[in-house]
Amino acid sequence: MGLGDAPRETWATRAGFIFAAVGSAVGLGNIWRFPFQVGQEGGAAFLLIYLLFIILIGFPAMLVEFVVGRNTERNPVGALKAVGGGAWRYVGWIFIATGFVILSYYSVVAGWTIRYTILGLQDGYLADVGEAEAQFVDLASGLDAIVLHAVFMVTVIVIVAYGIQRGIELAVKVLVPAIIVITVGMAIYAFTLEGASEAYAYYLSPEWGVIAAEWTSILPAAAGQAFFTLSLGMGVMITYASYLGEDRNLAEDGAIVIGFDTAIAFITGLIVFPILFTAGVDPADPGAGAIFVSLAAAFGDLTLGWLIGFIFFGTVAIAALSSAISLMEVVVSYVVDERGIERRTAAFGIGGALFLLGIPSATDLVLLDLFDLFADQILLVLGGLLLMILVGWLVADLAVDELSRGIGDLGSLGTAWIWAVRIPVIVVLIVALALGVLEYVEFLTGPFAEWLAAL
Ligand code: PHE
């Protein structure tokens with residue numbers, strides 16, 4: 001028992017690592033959240049700001065996680081203990097807690113996507129938005145939701161229990177190409193729809209006035225989305241890079257991962273908006289119901305909508321699975337590395353606990369929000385911020401040195417990277433944290449207080 005008894009696994013191939021990272025990044029954040037945010041926050045102008053943040057904030061932050069993981073070859077807690085010493089391991093614990101909380105409800109939402117995939121086969125999409133909403137409320141909480149949450153959790157457990165090469169790597173090499181091929185295929189289908197040109201105009205024409213008027217909400221929204229969609233701030237990329245085992249060009253790997261994630265998000269917009277416009281469903285309707293209500297209603301209206309819906313929700317379920325695997329691996333790697341527990345035991349034990357923790361989210365939408373907002377708006381940002389402070393300000397030399405392995409002399413690029421982490425990344429995270437806390441307080445004193453009072 002203990003550290004270092006068994007040799008730590010590594011990815012079998014470079015593609016394995018890249019697919020795993022892409023699989024983690026591409027998830028509900030791309031397919032559900034991104035297109036609606038673009039539409040709502042000013043179309044193409046938001047898109048430009050988002051792309052700017054991906055490059056300015058997301059890319060440097062991803063490299064931070066990569067170098068910490070590869071340098072230490074440890075789970076997030078062990079990695080932060082090794083890099084920062086002593087009390088920094090508590091930041092690692094924030095990562096573990098974040099992964100734990102996010103996965104508990106992510107699995108519930110993934111269960112909905114399975115339910116909606118099956119609905120296609122049962123020809124069950126309702127064209128009326130009001131009826132679609134009633135159906136969603138009915139399916140989102142209760143026994144159905146709990147059972148499918150369990151089904152999804154078991155799938156994640158089994159994959160993670162098989163380990164890095166035979167579990168995660170094998171799964172993502174099937175899942176990620178499937179996501180890419182189906183997404184592109186659906187975009188081509190959407191192009192043929194009658195509402196396509198109107199939809200492209202809505203999605204892609206910049207409204208600069210909106211940016212000027214609402215930049216205070218657009219900037220943090222774009223920054224938060226950039227961070228969430230790349231799976232940053234909770235140690236996923238630390239954990240995945242800890243299994244590298246060889247010195248490769250991390251900047252190149254990071255650029256590939258970011259390129260795929262951004263492309264999938266963008267293409268999803270090219271699918272969702274033509275479908276909504278063709279079915280005459282209002283696209284400016286965000287929230288948890290966005291894909292399960294408005295989009296489902298559009299499937300209810302389209303010719304062969306059941307088939308399109310089946311394929312679409314099936315793809316969302318696959319994308320959620322490859323993200324959930326990474327969340328689980330963060331927690332499992334900690335228990336395996338630091339507690340010397342066998343991987344299979346760890347996966348089943350943690351999965352069981354996650355199932356229990358997710359039950360409240362599967363019984364009431366308000367409770368799902370309670371977990372979601374806390375993890376997304378506070379834990380994720382806080383953990384990310386502390387990591388950036390450690391690497392950007394306290395161990396910058398070590399980080400630059402580690403990045404140069406597999407690349408060669410970085411020249412002034414190393415300095416540019418560290419200063420990107422030191423100022424823009426950290427400032428953006430501080431602002432996002434402040435706004436996140438305010439939003440959470442508003443939720444606790446508003447909807448949550450009302451929910452408690454109604455008990
Ligand atoms: N990046 C995933 C998405 O876009 C979400 C995620 C966040 C996954 C953090 C793992 C860790 O849906």
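I began with serine 24, where a backbone N or O atom lies 3.3 Å from a nitrogen atom of the ligand, a polar contact in the sense of a pair of N or O atoms within 3.5 Å. The model is a predicted one, in which local features need pLDDT of at least 70 and side-chain atom pairs count only at pLDDT 80 or more, while totals for chains, interfaces and linings use all residues. I kept the numbering from 1 along each chain as its sequence is written, and side-chain values use heavy atoms, with hydrogens and water left out.

I then looked up threonine 229, which has a backbone N or O atom 3.2 Å from a nitrogen atom of the ligand, and serine 231, whose side chain places an N or O atom 3.0 Å from a ligand nitrogen. Taken alone the ligand exposes 320 Å², and the protein buries 100% of that (accessible areas by the Shrake-Rupley method with a 1.4 Å probe).

**Shell.** I noted 14 residues around the ligand, of which Ala25, Leu28, Gly29, Phe228 and Ser231 come nearest; a residue is counted as near if one of its heavy atoms lies within 4 Å. At least two shell residues come from each of α1 (14-25), α2 (28-40), α10 (208-229) and α14 (305-339), and α2 gives the most, with three. Helices here are DSSP runs of H or I with at least four residues, numbered from the N terminus. By class I recorded seven nonpolar, seven polar and no charged residues in the shell, with Ala, Val, Leu, Ile, Met, Phe, Trp, Tyr, Cys and Pro taken as nonpolar, Asp, Glu, Lys and Arg as charged, and the others, Gly among them, as polar.

Where does the ligand sit? I find the ligand in the largest cavity, by the rule that more than half of its atoms lie within 2 Å of the grid points. A cavity is a set of points, on a 1 Å grid over the protein atoms alone, where a 1.4 Å probe fits but cannot get out, and lining residues have an atom within 4 Å of a point. The count comes to four cavities of 30 Å³ or more, and the largest has a volume of about 170 Å³, the volume being the space filled by probe spheres set on the points, which are joined across faces, edges and corners. Of the 20 residues lining the largest cavity, Ser24, Tyr106, Phe228, Ser231 and Leu327 are closest to its centre, and the lining holds 12 nonpolar, eight polar and no charged residues.

For the second largest cavity I noted about 60 Å³ of space and a lining that includes Ile31, Met186, Thr268 and Phe312. The helices α8 (163-191), α12 (250-279) and α14 each supply at least two residues of that lining.

Definitions and conventions:
Polar contact = N/O pair within 3.5 Å; in protein donor to acceptor, adjacent residues only side chain to side chain. 1 Å grid on protein atoms, 1.4 Å probe; cavity = no way out; pocket = protein on both sides within 12 Å on 5 of 7 lines; lining within 4 Å.
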